[in-house]
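This briefing is meant for someone meeting the structure for the first time. Please look over the sequence and the model before reading the notes that follow.

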Amino acid sequence: MNVEVILAKRMLFRSSPVYVVVPVLFYFKSQEAFFTSLYSSAIVATGFFLGAVIMSYAAKISLNFYYFAALFGYVFRLIFIFGFLLLLKNVYSIDDLAMSLTVPIVFLTMLFIEMTMVIKRKDT
């Protein structure tokens with residue numbers, strides 16, 4: 001059983017209001033800002049889920065590899081997220097303000113939600 005993947009799915013489900021609210025707020029600015037915010041939040045969520053999958057499979061191999069994946073997985077996820085954001089920026093015409101606000105809002109909100117769930121012992 002992939003515990004990390006199950007926890008990541010729960011995290012994505014709990015954070016889903018953020019993926020709806022933030023792009024809708026940017027819709028009031030422009031349609032381009034809406035789509036930029038929507039794509040940016042999807043990229044951040046994919047990065048989180050990818051990190052959980054990496055941790056899950058690393059735990060099956062060995063405890064030392066799990067520690068290695070925990071240490072360097074964070075850096076890998078950041079490279080993944082910002083690499084795809086730069087690709088999105090170079091391929092499409094995007095709203096820079098929407099992207100630069102959406103990424104930290106979604107990223108930090110997901111971290112905060114998970115932190116509160118761990119503190120409340122909802123996910124153990």
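Across the whole of this structure, which is a predicted model, a search finds eight aromatic pairs. One of these is formed by phenylalanine 65 and phenylalanine 68, whose ring centres are 6.0 Å apart and whose planes stand at 20°, so the pair is stacked.

**Aromatic residues**

- Phenylalanine 65 and phenylalanine 68 both belong to helix α4, which covers residues 63-91, and they are three residues apart, about one turn of the helix.
- Phenylalanine 65 has a relative accessibility of 37% and therefore counts as partly exposed, and phenylalanine 68, with a relative accessible area of 44%, is partly exposed as well.
- One aromatic cluster is formed by Tyr27, Phe34, Phe35 and Tyr39.

**Packing of α2 against α3**

- Helix α2 (residues 16-27) and helix α3 (residues 31-61) have axes that come within 7 Å and that cross at roughly 160°; because angles over 145 degrees count as roughly antiparallel, that makes α2 roughly antiparallel to α3.
- The crossing of α2 and α3 is right-handed, and on the α2 side the contact is made by Tyr19, Val22, Pro23, Val24, Phe26 and Tyr27, while α3 contributes Gln31, Ala33, Phe34, Ser37, Leu38, Ser41 and Ala45.
- Sorted by class, the residues in the contact of α2 with α3 comprise 10 nonpolar and three polar residues, with no charged residues.
- Tyr27 and Phe34, which are named in the contact of α2 with α3, are also among the members of the aromatic cluster.

**Packing of α3 against α4**

- The axes of α3 and α4 are 9 Å apart, and the two helices pack at an angle of about 155°, so that α3 and α4 are roughly antiparallel to each other.
- The crossing in which α3 passes α4 is right-handed, and the contact of α3 with α4 has, by class, 20 nonpolar, four polar and one charged residues.

**A serine in the loop between α1 and α2**

- Serine 15 is placed in the loop between α1, which spans residues 3-14, and α2.
- Is serine 15 buried or exposed? With a relative accessible area of 0%, serine 15 is buried, because the buried class takes in values under 20%.
- Leaving aside residues up to four places away in sequence, serine 15 touches Met110 and Ile113.

Notes: Residues are numbered from 1 along each chain as its sequence is written. This is a predicted model: local features need pLDDT of at least 70, side-chain atom pairs count only at pLDDT 80 or more; totals for chains, interfaces and linings use all residues. Side-chain values use heavy atoms; hydrogens and water are left out. Axes are lines fitted to C-alpha atoms, for helices over the stretch in contact, and angles run from 0 to 180 degrees between N-to-C directions. Helices (H or I, at least four residues) and strands (E, at least two) are DSSP runs, numbered from the N terminus. Angles under 35 degrees count as roughly parallel, over 145 as roughly antiparallel, 65 to 115 as roughly perpendicular and the rest as oblique. A crossing is left-handed if the near helix is turned anticlockwise from the far one by less than a right angle, and right-handed if clockwise. Contact means heavy atoms within 4.5 Å. Ala, Val, Leu, Ile, Met, Phe, Trp, Tyr, Cys and Pro count as nonpolar, Asp, Glu, Lys and Arg as charged, and the others, Gly among them, as polar. Buried means under 20% relative accessible area, exposed over 50%, partly exposed in between (1.4 Å probe, protein chains only). Rings of Phe, Tyr and Trp (its six-membered ring) pair if their centres lie within 6.5 Å; planes under 30 degrees apart count as stacked, over 60 as edge-to-face and the rest as tilted.
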